[in-house]
Amino acid sequence: MVREAYKDYEANLAAEKIVDSPFVVQSIKQNHPSSHYDEASITSAAPLGEMCVACEIRNMSPFNYSFSYKTDWIDDRVLARLDVGDGTHNNRVPGIPLEETSVPTPQIHLYRNDGYFVAYRIDGIDYESDEPVKFDYYKGYEYLCGRLNIGCENHTPPAFYFQPSGRLNLMVSDADPNEGVEFPAENE
């Protein structure tokens, strides 16, 4: 279906889209109790059916998740997907360059004009460093919204929160809360 209407697909990806903000993930996924999942509706200047952004967070980890841009326009439902944390994706499609046959996370999946859904590396990520393992769901949502032109009615960047029902979601930080504070000398 995407191959036959690829120009519509490209127009949709390029069009401005609006999502309610904040997008909050809090529900346990029915078929995967170790995952949390929620969706938020999206409107587009070039719509392709009923569209939404969905997020699955696996094992309560900010570094193991997927964001999907979905529609009822095609049977597979997924128009684009960002995967982080679950290893390497093997692109088994014709004509793919050797260096793109195995793509580590984070990766963005998009359709090619021949209808194949292909994983690509994310521009600006140094895959030889520890940067990929620090690509948390806040960075992922920011990237996806920027890549797919998703914004808010008031032209602010969309916000994302993971707040599992019945739990406090406390992020551990390496920041020193006393950094830059001068304490008086003890014997003055």
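## Strand pairing, helix faces and core

Strands S3 and S4 form a hairpin in which two residues lie between them. The model is predicted, so that local features need pLDDT of at least 70 and side-chain atom pairs count only at pLDDT 80 or more, while totals for chains, interfaces and linings use all residues. Residues are numbered from 1 along each chain as its sequence is written, and side-chain values use heavy atoms, with hydrogens and water left out.

Helices (H or I, at least four residues) and strands (E, at least two) are DSSP runs, numbered from the N terminus. Two strands are said to pair if DSSP finds at least two bridges between them.

| Strands | Bridges | Opposite residues |
|---|---|---|
| S1 and S4 | three bridges | Ile18 and Thr43 |
| S3 and S4 | two bridges | Ile28 and His36 |
| S4 and S5 | eight bridges | Asp38 and Cys55 |
| S6 and S7 | six bridges | Ser66 and Asp83 |
| S7 and S10 | four bridges | Asp83 and Gln107 |

Strand S7 is largely enclosed by the rest of the structure, because six of its seven residues are buried; buried means under 20% relative accessible area, exposed over 50%, and partly exposed in between, with a 1.4 Å probe and protein chains only. The hairpin of S6 and S7 has six residues between the strands, and Arg77 there takes a positive phi near 75°. In the hairpin of S4 and S5, which also has six residues between its strands, the positive phi near 75° belongs to Gly49.

Helix H1 spans residues 6-14, and its buried residues are Tyr6, Tyr9, Asn12 and Leu13. These residues lie on the same side of H1, because they cover an arc of only 120° around the axis, the arc being that of the directions from the helix axis to the C-beta atoms. Lys7 and Ala14 are exposed on the face turned away from that buried side. The cover over the buried residues of H1 includes strands S1 (17-19), S4 (32-44), S5 (51-58), S6 (65-71), S7 (78-84) and S10 (107-111).

In helix H2, the buried residues are Tyr137, Gly140, Tyr141, Tyr143, Leu144 and Cys145. At its start, a side-chain oxygen of Asp136 comes to within 3.0 Å of the backbone nitrogen of Tyr138. Asn149, which follows H2, has a positive phi near 60°.

Phe135 is placed in the loop between strand S11 (117-121) and helix H2 (137-147). Phe135 counts as buried because its relative accessibility is 7%. Although Phe135 and Val84 are 51 residues apart in sequence, their C-alpha atoms are 7.5 Å apart in space. Beyond residues up to four places away in sequence, the contacts of Phe135 (heavy atoms within 4.5 Å) include Pro62, Phe63, Tyr65, Leu82, Val84, Gly140 and Tyr143.

A nonpolar core is a set of buried Ala, Val, Leu, Ile, Met, Phe, Trp, Tyr and Cys residues joined through side-chain atoms within 4.5 Å. The largest such core has 42 residues, and those with the most contacts inside it are Phe23, Val53, Phe67, Leu82 and Phe160. Not counting residues up to four places away in sequence, Val53 touches residues including Val19, Phe23, Asp38, Ile42, Phe67, Tyr141 and Leu144.

Conventions:
Polar contact = N/O pair within 3.5 Å; in protein donor to acceptor, adjacent residues only side chain to side chain.
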